[in-house]
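Open your viewer and keep the selection tool at hand.

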Amino acid sequence: MLAGLLLTTAVVVAPTAVAERVYRVEAAPEIDRSALRMALDALPAAGVPGAVAAARIDRQPWAGAAGIADLADAAPIRPWSRQRVGSITKTFVATTLLRLVDEGALGLDDQVGRWLPELLPGELGQRATVRMLLNHTSGIGNYTDVLLDSLAAVDRVGDTTYPPTELASIGLGLPRAGEPGEGFAYSNTNYILVGLIIERVTGNDATDEVTRRVIRPLRLTGTYFPAGDPTIRGPHAGAYFAPLGVRNFGEYGMTWAWTAGELIATMDDLNRFFRALLGGRLLSAATLAEMLRTVPFDTEAPELGGYGLGIFQLGTPCGEVWGHDGGVIGQLTISLHTRDGSRQASLSSNLSHYQVFAAEPHPIDVATQEFFRIAHCPNSPAGLVRASPPPGLPPIAGPAPTW
């Protein structure tokens with residue numbers, strides 16, 4: 001999510017004896033629980049303080065946690081831990097806007113300037129459409145490239161309250177990443193503008209609309225927007241930013257992310273959300289089909305997958321998976337699901353930016369990808385790891401799994 005953050009050093013928290021402590025809630029004898037448990041345990045062994053995961057295979061659930069939540073007191077992390085899920089927020093926000101499309105309140109091919117004339121009054125507002133914001137083909141610059149451009153900015157951003165219009169203006173003031181509709185170029189500014197359009201259409205706060213239209217109907221009791229509160233309510237993990245060592249960013253202001261990445265959730269809630277979304281419970285069949293129409297990450301390598309409307313698709317030897325990843329200061333999350341919902345897996349860890357200057361795949365990334373291989377493609381060969389995410393995806397969240 002925070003593409004462009006300049007890092008000068010990487011300090012990975014070393015695994016400890018305490019980090020091997022594991023707390024699990026498991027069910028479903030049909031699942032290879034032993035393999036999932038071993039794959040999750042490998043993350044603390046590779047260097048993260050703690051990790052939580054939830055999987056669902058053929059309607060059988062599994063949840064687990066490995067390692068510790070807080071380095072200060074070595075408290076074990078719990079499977080129901082709430083995490084900042086970063087850009088996975090985008091899928092919730094896109095779903096909310098698409099529900100408004102289903103209601104006839106706006107159209108995907110509406111000009112952005114029609115809804116936000118004060119922000120995009122000229123040629124860009126006429127050429128960029130709502131669809132282009134949702135699938136990152138608007139060509140609008142990424143405001144976090146400017147906002148988080150140094151280590152010093154990490155503290156400043158967390159201590160500052162940002163109005164959404166200020167975030168949008170920063171992104172709109174940057175050089176374009178491309179012409180509208182030209183190709184995929186990931187930009188958090190797109191989703192700040194989507195949030196502002198939701199407010200313009202409904203007359204209500206965008207995060208309240210996401211809560212009313214998505215979170216509350218699905219009874220996602222561990223999922224919420226912090227509304228400026230720097231703390232995470234309820235059971236939660238710490239957040240460790242590798243370049244600054246063992247400092248805990250668990251209390252951190254997130255107004256800089258808003259509808260691009262402010263959401264807090266549990267891994268089980270993420271699985272429930274994507275199951276409902278892909279199962280057609282939130283959108284009409286026609287609108288869901290529009291959501292799942294992707295543009296390639298890289299036109300020269302379409303096999304890498306592509307981005308839809310707030311959701312991406314990746315290919316595997318056992319079929320495609322859909323979902324999103326997300327990263328903030330100190331926490332990384334990946335959530336991937338088969339189209340029919342028969343296999344689901346969400347994983348989050350409480351260490352970020354450990355990959356800086358890594359020439360080879362980091363052991364944490366290797367362990368992460370092995371977990372998703374076990375969850376989604378257990379019969380495929382182990383060890384097929386890519387050192388970087390698909391082109392255009394934000395590198396903060398680490399590489400998306402590949403097989």
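**Stop 1: H2 and H10**

Select helix H2 (residues 89–102) and H10, whose axes come within 9 Å and cross at roughly 80°. Axes here are lines fitted to C-alpha atoms, for helices over the stretch in contact, and angles run from 0 to 180 degrees between N-to-C directions. H2 and H10 are therefore roughly perpendicular to each other. The cut-offs are these: under 35 degrees is roughly parallel, over 145 roughly antiparallel, 65 to 115 roughly perpendicular, and the rest oblique.

Now show side chains. From H2, pick Phe92, Val93, Thr95, Thr96, Arg99 and Leu100; from H10, pick Glu209, Val210, Arg213, Val214 and Ile215. These residues make the contact (heavy atoms within 4.5 Å). They divide into 6 nonpolar, 2 polar and 3 charged. Ala, Val, Leu, Ile, Met, Phe, Trp, Tyr, Cys and Pro count as nonpolar, Asp, Glu, Lys and Arg as charged, and the others, Gly among them, as polar.

**Before you go on**

This is a predicted model: local features need pLDDT of at least 70, side-chain atom pairs count only at pLDDT 80 or more, and totals for chains, interfaces and linings use all residues. Residues are numbered from 1 along each chain as its sequence is written, and side-chain values use heavy atoms, with hydrogens and water left out.

Zoom out to the whole chain. It has 14 helices and 14 strands. Both are DSSP runs, numbered from the N terminus: helices (H or I) have at least four residues, strands (E) at least two. Of the 403 residues, 60% are buried. Buried means under 20% relative accessible area, exposed over 50%, and partly exposed in between (1.4 Å probe, protein chains only).

**Stop 2: H1 and H14**

Select helix H1 (residues 33–46) together with H14. Their axes are 8 Å apart, and the angle is about 170°. That makes H1 roughly antiparallel to H14. Which residues of H1 make the contact? They are Ala35, Leu36, Ala39, Leu40, Ala42, Leu43 and Ala46. On the H14 side, find Pro363, Ile364, Ala367, Thr368, Phe371, Ile374 and Ala375. By class, this contact has 13 nonpolar, 1 polar and no charged residues.

Next, go to the segment after H14 (363–376) and select Ser380. Ser380 counts as buried, because its relative accessibility is 11%. A polar atom of its side chain lies 2.8 Å from the backbone oxygen of Cys377.

**Stop 3: H8 and H9**

Select helix H8 (residues 164–172) and helix H9 (residues 188–202). Their axes come within 9 Å and cross at roughly 140°. That makes H8 oblique to H9. For the contact, pick Pro164, Thr165, Leu167, Ala168, Gly171 and Leu172 of H8, then Thr189, Ile192, Leu193 and Leu196 of H9. The count by class is 7 nonpolar, 3 polar and no charged residues.

**Stop 4: two loop residues**

Most residues other than glycine have a negative phi. Select His136, in the loop between helix H5 (130–134) and helix H6 (144–147). His136 is not a glycine, yet its phi is positive, about 60°. Is His136 buried or exposed? His136 counts as buried, at 0% relative accessibility.

Finish at Ala227, in the loop between H10 (206–215) and strand E6 (240–241). Ala227 has a positive phi too, of about 55°. Ala227 is exposed, with a relative accessible area of 73%.

Note on methods:
Polar contact = N/O pair within 3.5 Å; in protein donor to acceptor, adjacent residues only side chain to side chain.
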